[in-house]
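Thanks for coming, everyone. I have one structure to walk through. Let me put it on the screen.

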Amino acid sequence: MITVRRRGSYGVDAPYALFGLACTVVGMVFAGIGVTFGVGIEFGWIPFAVAAVNLVSVALYLHATRRGKFAVWHGLLDDLGLRGDERLLDLGCGRGAVLLLAAERLPEGRAVGVDLWRSVDQSGNAISVTEGNAEAEGVRDRIELRTGDMTALPFDDASFDVIVSSLAIHNIKGADGRARAIDEAVRVLRPGGRLLIADISAADAYRRRLTELGLADVRLRPLGWRMWWGGPWMSTRAVSAVKPA
């Protein structure tokens with residue numbers, strides 16, 4: 001198993017979702033106690049079982065956000081076979097989990113991160129935190145951070161050799177908005193450039209849109225249990241494509 005040690009602080013993805021799972025565990029435990037003493041153990045075990053299932057979900061979620069996503073992206077970036085001089089864009093970079101892993105592979109290149117810096121999507125999400133993480137990881141001189149909307153990127157056409165995104169595009173409201181983000185990613189990608197998105201519920205829609213836009217080698221694949229956000233019902237998949245030269 002790949003282990004990736006990080007020196008920065010990367011928070012928790014979608015902290016309110018994790019809080020909801022934790023509240024369910026506590027609520028079911030109290031419900032189990034109440035039912036056991038009020039009705040009997042023959043019914044009281046049911047809420048305890050629900051609590052146990054949700055406790056496993058909490059453990060999987062914590063593993064994904066604290067360790068799993070780093071291990072998975074370490075492998076994904078290795079598979080890209082970067083030369084080290086590319087200009088790379090991370091859509092919705094947050095506190096830099098993927099951005100800084102990429103920057104470590106770009107000694108002669110540049111890793112650019114764009115985000116709206118919303119803490120509802122990631123705890124403690126702020127440009128200053130990402131800058132601090134870049135310092136901690138020793139790649140501050142390789143990155144550039146911008147505030148911007150993924151549906152209207154503040155970059156020229158064909159500006160990047162590689163575009164990545166992790167668990168960000170699904171936060172855009174509406175299928176049309178998410179499609180615009182895909183359109184924008186393709187617009188700023190250079191001919192021959194590569195795109196790699198890891199996301200949850202909307203991955204199929206990304207694949208269809210990339211195919212409609214004429215990208216080549218469009219692929220969709222699961223990323224395994226290390227990026228399960230509570231269980232297999234909330235798994236992460238990768239969509240990859242190449243912009244024709």
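A word on the source. This is a predicted model: local features need pLDDT of at least 70, side-chain atom pairs count only at pLDDT 80 or more, and totals for chains, interfaces and linings use all residues. Residues are numbered from 1 along each chain as its sequence is written, and side-chain values use heavy atoms, with hydrogens and water left out.

The pocket. The largest pocket holds about 440 Å³ of space. Its lining has 26 residues. Nearest the centre are Gly-92, Asp-115, Asp-121, Ala-168 and Asn-171. Helix 3 (97-103) and strand 2 are the elements that give two or more residues to that lining. By pocket I mean an open set of points on a 1 Å grid over the protein atoms alone, where a 1.4 Å probe fits, with protein on both sides within 12 Å along at least five of seven lines. Lining residues have an atom within 4 Å of a point. The volume is the space filled by probe spheres set on the points, which are joined across faces, edges and corners. Helices (H or I, at least four residues) and strands (E, at least two) are DSSP runs, numbered from the N terminus.

Now Asp-115. It sits in strand 2, residues 110-115. Which side chain of opposite charge is nearest to Asp-115? Arg-118, at 6.7 Å. Asp-115 is buried and has no salt bridge. Buried is under 20% relative accessible area, exposed is over 50%, and partly exposed is in between (1.4 Å probe, protein chains only). For charge, Lys and Arg count as positive, Asp and Glu as negative; His and the chain ends are not counted. A salt bridge needs a side-chain nitrogen of Lys or Arg within 4 Å of a carboxyl oxygen of Asp or Glu.

Asp-115 does touch other residues. Leaving aside neighbours within four places in sequence, its contacts (heavy atoms within 4.5 Å) include Gly-92, Asn-125 and Arg-146.

Salt bridges next. The whole structure has 17. Take Arg-6 and Glu-104, with closest N and O atoms 3.0 Å apart. Arg-6 lies in the segment before helix 1 (15-38) and Glu-104 in the loop between helix 3 and strand 2, so this pair ties together parts 98 residues apart in sequence. Glu-104 is partly exposed at 32%. Arg-6, Arg-7, Glu-104 and Glu-137 are linked in a salt-bridge network.

Another pair is Arg-187 with Glu-184, at 2.8 Å, N to O. They are three residues apart in helix 5 (residues 175-188), so about one helical turn separates them. Glu-184 is buried at 14%, while Arg-187 is partly exposed at 24%.

Then Asp-85 and Arg-83, at 2.9 Å, N to O. Asp-85 is partly exposed at 42%. Arg-83 is exposed at 61%.

Ile-127 is in helix 4, residues 127-137. It is partly exposed at 31%. Beyond four places in sequence, Ile-127 is in contact with Trp-117 and Leu-145. Its C-alpha is 8.4 Å from that of Arg-146, 19 residues apart along the chain.

Pro-232 is in the loop between strand 6 (216-222) and strand 7 (237-242). It is partly exposed at 46%. Pro-232 and Gly-214 are 18 residues apart in sequence, and 31 Å apart in space, C-alpha to C-alpha.
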